[in-house]
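Dear colleague,

Please find the structure below, handed over for your reference. A short account of the findings follows it.

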Amino acid sequence: MPYLPLRLVCYFTLGWLIASTFSGVFGAALPVVLILWCAGGCFHFARDIIEIIPALRRAARRSASEKWNGRYYAYYGAQIRLCLVEDMVWIIEEDVRTILSPAVTEREQRLLGADYATIPGTALHGYSEQGLLRLLKVRLMRRGGEADMKKFIVWLQNEALPNVKRVPTSSAI
């Protein structure tokens, strides 16, 4: 059985050719011809139509079993991973980098000390909850009140961090 999109393109191209060729011959009966052509398509693609729901279920199961699926927290289109390790919340550095502008400097990371480190049990670098909040507040004081940074702090404190602490399995690595 050929590839489905190729079959669909061929089927609709053939339908268009038939419709354009016989439009002068059939005249007002052209809509009836197209309806019959569509009904024939339903029979031709019946197996594909029936397979749609099981295929969607399989795709949902497969995506749910991926390592980080369901472990991301969405912040205005960006995905942020939060890890709970020994009652301490860690935020992945790579994910924070996509949100913060300008990027966190090496100096700022050194000043955080143990609050910026390799997350225990992984090879990922990240910020502890206290370290990231301290970094953001220092940046706010130095740069002035950036609205985006304030939104990020509020989102962390009111949505993401309480949820990780309440539902620890949402942050399992």
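How many residues lie between β1 and β2 in their hairpin, and which residue in the turn has a positive phi? There are two residues between these strands, and Tyr 76 has the positive phi, of about 45°.

Before the details, a note on the basis of this account. This is a predicted model, in which local features need pLDDT of at least 70 and side-chain atom pairs count only at pLDDT 80 or more, while totals for chains, interfaces and linings use all residues. Residues are numbered from 1 along each chain as its sequence is written, and side-chain values use heavy atoms, with hydrogens and water left out.

The protein has eight helices and five strands; helices (H or I, at least four residues) and strands (E, at least two) are DSSP runs, numbered from the N terminus. Along the sequence, the order is α-α-α-α-β-β-β-α-α-β-β-α-α. Of the 173 residues in the protein, 31% are buried, where buried means under 20% relative accessible area, exposed over 50%, and partly exposed in between (1.4 Å probe, protein chains only).

Strand β1 (residues 72–75) runs antiparallel to β2 and is joined to β2 by four bridges; two strands pair if DSSP finds at least two bridges between them. Tyr 72 has Arg 81 in β2 as its bridge partner. Strand β2 also pairs with strand β3 (residues 88–92), again in the antiparallel sense and over four bridges, and here Cys 83 stands opposite Trp 90. The hairpin of β2 and β3 has two residues between the strands, and Glu 86 takes a positive phi near 50°. Strand β2 (residues 78–85) is largely enclosed by the rest of the structure, because six of its eight residues are buried.

Met 88 lies in strand β3 and counts as partly exposed because its relative accessibility is 28%. Leaving aside neighbours within four places in sequence, Met 88 is in contact (heavy atoms within 4.5 Å) with Cys 83, Ser 128 and Gln 130. Met 88 and Ser 128 are 40 residues apart in sequence, yet their C-alpha atoms are 7.1 Å apart in space.

Finally, Ile 49 belongs to helix α3 (residues 46–50) and, at 47% relative accessibility, counts as partly exposed.

With kind regards
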